[in-house]
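Q: Could you show me how to read the fold, the burial and the salt bridges of a protein model, taking one feature at a time?

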Amino acid sequence: MNNKFVLESLASDLKRVALGFHRGSNTMVQRFLDEALNRKEEVKVDQVAPYIKSLLKKLNKKTNSDEALMYSTLIQNYTQSKKF
C-alpha cells in the first residue's frame, strides 16, 4: 500500500483516539488505538523522515490523549508537505 495513504490513515486513527479520550469513550480509544498500531506496522519506515521514525517508535498501547493528538498533527503535516 502507498506510504502516504498509510500515514494519513494512521493520523486519522490517532485523531479518533484523542477524540475518544476527550469523550470518555474507552471503547472508542481502544478500537482506534489498535487500528493505529496495526497501521504503524504497515509503514515503510525506510522511506520516512528520521523524526517520523522516532515518533512511530514512541507510539504504543500507553499513548495518552495529548500524545495521540500531537502525533496525529505531526504525521498529517508531514504527509501534506512531502511529495510521495
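Q: How many helices and strands does the protein have, and which pattern does it follow along the sequence?
A: Bear in mind that this is a predicted model. The protein has four helices and zero strands, and read along the sequence the pattern is α-α-α-α. Its radius of gyration is 12 Å, close to the 12 Å that the globule rule gives for 84 residues, so the protein is as compact as a globular protein of that length. The C-alpha trace spans about 35 × 20 × 20 Å along the principal axes.

Q: What share of contacts joins residues at least 24 apart, and what share of residues counts as buried?
A: Of the contacts between residues at least 6 apart in sequence, 66% join residues at least 24 apart. As for burial, 39% of the 84 residues count as buried, while the accessible surface comes to about 5200 Å², with 50% of it belonging to carbon and sulfur atoms.

Q: How many positive and negative side chains are there?
A: The protein has 15 positive and 9 negative side chains, and the centres of the two sets lie 4 Å apart. A search of the whole structure finds four salt bridges.

Q: Is D13 buried or exposed, and which residues does D13 touch?
A: A residue counts as buried when its relative accessible area is under 20%. D13, which is placed in helix α1 (residues 3-23), has 6% relative accessibility and therefore counts as buried. Leaving aside residues up to four places away in sequence, D13 touches F32, E35, A36 and R39.

Q: Which salt bridges does D13 form?
A: One is with R16, where the closest N and O atoms are 3.7 Å apart; D13 and R16 both lie in helix α1, three residues apart, about one turn of the helix. R16, at 35% relative accessibility, counts as partly exposed. The side chains of D13 and R39 also meet in a salt bridge, at 3.9 Å from N to O. That pair links distant parts of the chain, with D13 in helix α1 and R39 in helix α2 (residues 26-42), 26 residues apart. R39 is buried, with a relative accessible area of 18%.

Q: Where do the partners K61 and D34 lie?
A: K61 forms a salt bridge with D34, and their closest N and O atoms are 2.4 Å apart. K61 is in the loop between α3 (50-58) and α4 (65-81), whereas D34 is in helix α2, 27 residues apart from K61. At 28% relative accessibility, D34 counts as partly exposed. Salt bridges that share partners join D13, R16, R39 and E42 into one network.

Key
Residues numbered from 1 in each chain as written. Predicted model: local features only at pLDDT ≥ 70, side-chain atom pairs only at ≥ 80, totals over all residues. Heavy atoms only, no water. Helix = DSSP H or I, 4+ residues; strand = E, 2+ residues; numbered from the N terminus. Rg over C-alpha atoms; globule rule 2.2 N^0.38 Å. Buried < 20%, exposed > 50% of the residue type's maximum accessible area, 1.4 Å probe, protein only. Contact = heavy atoms within 4.5 Å. Areas by Shrake-Rupley, 256 points an atom, 1.4 Å probe, with all protein chains shown as cover. Lys, Arg positive; Asp, Glu negative; His and termini not counted. Charge placed at Lys NZ, Arg CZ, Asp CG, Glu CD.
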